[in-house]
Amino acid sequence: MYVAAKGGEEAIQQAEQLYRHLNGPLTLELVRAIEQQLPYLIDRVMGEGSLYAPELAALALAQTGGDLYEAVLLLRAYRSTQPRLAYAQPVTPATMLTVRRISAAFKDIPGGQILGPTLDYSHRLLRLDVLDGTAPAETAPVALAADPAPATYPAVADWQRGQQLMPPLPPQPPLEPADLPDITADNVLFPAPRAHRLQALARADTGGILSLGYASMRGYGLIHPTVNELRLGHAEVQVTHPITGAAFSAGRVRVSQAEVVTSGGSKEAPGLTIGFAATLGWNEVKVIAASTLDMEMNQPEPHPAHTEEFVLYHTEPVEASGFCIHFKLPHYVTFASSLDNLRKVIATFYSADQPAQPAAAQPMKQATP
Amino acid sequence: MTHPAFTPAEARQRDTFLALMWALSYPGRTATLPAGDALAGIGEALLDLETTYYTPDAALAALLARSGARRLPPDRAAYHFYPQVDAAALADIALAAVGSMLYPDDAATLIIGCRLHSGAALRLTGPGIPGEQRCQVAAAPELWSLRARSPFPTGWDVFLVDGLQVVGLPRSTRLHVDAL
Amino acid sequence: MSHSTLAALATPRADYSYAFLDAFARRELRRRTLKAIAIPGYQVPYASRELPIARGWGTGGLQVSLALVGPQSVVKVIDQGADDSVNAANLRRFITRMSGAATTTDALQATILQSRHRIPEEILREYQTLVLQVPDPEPLRAVQSDSSRAHQMHADADYGQMWLVLYEQLVRYRQYLQGASYPSLVNGRYVISPSPIPRWDTPKLHQAAHLTLLAAGREKRLYAVPPYTDVYPLEFTDVPFQVEDQRDWRCRHTGVQHKFMNELPLADGSAGYELSDSGYQQKITAGTAPGATYYDDQGNFYHDGYLKPPVRPE
């Protein structure tokens, strides 16, 4: 075996080593600290990486110096190599172990508004006393409630369905899990199956979903979303034992889900229209924006930036970031090909014996290579 | 640095795939499959949980089932395996999916056992063929009239297998049968 | 055999499959590749797994190469024609790390050539596979950004809007303006993007002895130009398609002309030129006789009459 040219290989090895040198040592302690102390960052990376593995997410963050897109790519690439061992049972709101659950649609709801852990009503003041070394050593304890809150709560939408404010859920035929459309293995064609859409939203780039969702909320959409229910909690991963056939829990995952509603329902079915999104990890801004987009995508003629194809293609974090940074790669062959055309146009229209002007002073139109 | 292991199963599946790829790239030319049961080997290389197959042959069906692929009736199966072309096989082949103008890739792939180098003389033209390629196939002539029903880009892709020899007939090949 | 725990069912964490892709992914790519060969120019959708290389950096081509490669393969990887480009070096390093394949810079020795933006100058042989990395597989994107509608236009062979774009260019500028990725008709049926190769390379796909596979990782489409298949750039009969005009350019290292060149701006305001195909240049520099080339030393293309003399509309 002989080996192709070496110069490029030497350069990329040194560049990687310089990057790692400046980032500092990659240690087990660093990975553990990230895993334990940056849970929301871990959640975001796991959600976009569509791989629930806090330890691996922490490793990915440590290994990339906190570059989110790089960390997500690491998880996705690792995920590609893993076999599918089993299909988990569906999680319903009624069985989700809920720690936070609020509705903006009603003052109070069956089961109550559960504020849970949140910074929503905190003052966003930097804790400079920590830098001064004068901060109290321990965080203030949380007072225990007289009665423990229940672990599960009914869905707000079920009450609305009971009131005929919302159409009943369509009947669910029993489904072979293997027949579920799977965005990691199928080609996405539009209009996409609902499973593809919800999977794409679950894996979507938080920033991208926020940006498009905000555009809809701010006025480029037709809908004012009302947060019907927002939940954070834990879901049991119920799988069937391959030998005994018994159902058992393989563990719990942190999940978020949001339902937004609008009264501007479709003409065929009067009543509230609902948008839904869920993701792995606790990420409220993502599920609120995503559920708004879900509702917007169901409109007969959404804004061009809120069509299903536009939203799903352009909020895919690995593809969007990868393509964006690929423009760093050399493009001098394609550039040379364009320059050749430009020189011919200049020669045709601006040479001494050809003082003519192009028929219209418009930019040259061609497909971008 | 050592690379991940190149297992015997992967070697066999890769060799099978390359034989099929070159057979399809140069229609009418013979490619050689790795040793073993040719039809079952092709099944091993192409089939898994995500695919479907059909074969009228019970023994072969049992081998193909090991891939995890689902056995479906001939009008719905993506990969068809026929140890030989008889009247019953022709009736099944007549049902095989040919795809649509919108999704020509929905067409079935037929793997057919037959005698090569004897029988009807075929003259082939089209992609993969400089000028014209000739080959001989001993198969029921109705196979060619069934094939001719679907205009490109619809139609099935065919692998003709004789022992370890395989000839590819993609739907893009124009086929003329010389009188016997 | 007993699998009493989930851990017993899982594969060990550090254990990668041969050529990285798991058996399912590899089989799926192989099935789609066969379909692509059978329907020349048709964009076959495929699952497109994430790889440990940034998306948009050749992951489509890389997946196809990984589905083909074996320990006996000889792999050449180029970017902009150069084996030594950092991106080419990185992809080559990954393929060999995962497969144990040998590597080469010699286009004629390679069994698999993965390339971004170029086709080598030497005429490829039968049973060689050229894998072209594709950023955007859809030649209709500029006239139809909705991919479902573009798919329907391909089904109907409805390419009228492509012709209209070319016509508008002729009216305004008296010439075609498409640079690289020149849209081309394959087997008289499907218009493809030949990937962002320069127009110089597009004719090399026509009635070629080798197999060309084109794959887009992000866009999840792969398509093929089988050997000995007609490939014609879109052109009006009275205004022929033209390759880049580099007739007066001479490689400053080898003195070679009539091959695709890199233009290098010089400090004195002039320009220098060098061969874009680094493997070809390496042979000339080493005194090794290169193989026959698609364009001879006078610039004549090897299929007589395929390239027509340039004409501009009045």
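Me: How are helix α1 of chain B and helix α2 of chain C oriented to each other: roughly parallel or roughly antiparallel?

Reply: Angles under 35 degrees count as roughly parallel, over 145 as roughly antiparallel, 65 to 115 as roughly perpendicular and the rest as oblique. Axes here are lines fitted to C-alpha atoms, for helices over the stretch in contact, with angles running from 0 to 180 degrees between N-to-C directions. The axes of α1(B), residues 8-25, and α2(C), residues 23-38, cross at roughly 10° and come within 9 Å, so these two helices are roughly parallel. Helices (H or I, at least four residues) and strands (E, at least two) are DSSP runs, numbered from the N terminus.

Me: Before we go on, what sort of model is this?

Reply: It's a predicted model, where local features need pLDDT of at least 70, side-chain atom pairs count only at pLDDT 80 or more, and totals for chains, interfaces and linings use all residues. Residues are numbered from 1 along each chain as its sequence is written, chains are lettered from A and ligands numbered from 1 in the order in which they are written, and side-chain values use heavy atoms, leaving out hydrogens and water.

Me: Back to that helix pair: which residues of α1(B) and α2(C) meet?

Reply: Contact means heavy atoms within 4.5 Å. On the α1(B) side you'll find B:E10, B:Q13, B:R14, B:F17, B:L20, B:M21, B:L24 and B:S25, and they meet C:R26, C:R27, C:R30, C:T33, C:L34, C:I37 and C:A38 of α2(C). The residues of this contact divide into seven nonpolar, three polar and five charged. For that sorting, Ala, Val, Leu, Ile, Met, Phe, Trp, Tyr, Cys and Pro count as nonpolar, Asp, Glu, Lys and Arg as charged, and the others, Gly among them, as polar.

Me: How do α3 and α4 of chain C cross?

Reply: The axes of α3(C), residues 59-68, and α4(C), residues 86-99, come within 11 Å and cross at roughly 30°, so they are roughly parallel to each other. C:L62, C:S65 and C:L66 in α3(C) meet C:L91, C:F94 and C:I95 in α4(C). That contact has five nonpolar residues, one polar and no charged.

Me: And what about α5 and α12 in chain A: parallel or oblique?

Reply: Their axes, for residues 68-80 and 317-326, come within 10 Å and cross at roughly 120°, which makes α5(A) and α12(A) oblique to each other. From α5(A), A:Y69, A:V72, A:L73 and A:R76 meet A:P317, A:V318 and A:S321 in α12(A).

Me: Staying in chain A, why is α8 called largely enclosed?

Reply: Buried means under 20% relative accessible area, exposed over 50%, and partly exposed in between, with a 1.4 Å probe and protein chains only. Seven of the ten residues of α8(A), residues 194-203, are buried, so the helix is largely enclosed by the rest of the structure. Among them are A:H196, A:R197 and A:L201.

Me: Where does B:G28 sit?

Reply: B:G28 is in the loop between α1 and β1 (30-32) of chain B and counts as buried at 6% relative accessibility. Leaving aside neighbours within four places in sequence, B:G28 is in contact with B:L124, B:Q133, B:C135, B:V167 and B:G168.

Me: Which loop holds C:H258?

Reply: C:H258 is in the loop between β10 (231-233) and β11 (261-265) of chain C, buried at a relative accessible area of 15%. Its contacts beyond four places in sequence include C:W200, C:R247 and C:Y295.

Me: Zooming out, how many helices and strands does chain C have?

Reply: Chain C comes to seven helices and twelve strands. Its radius of gyration, taken over C-alpha atoms, is 21 Å, close to the 20 Å from the globule rule (2.2 Å times the number of residues to the power 0.38) for 314 residues, so chain C is as compact as a globular protein of that length. Of those 314 residues, 65% count as buried.
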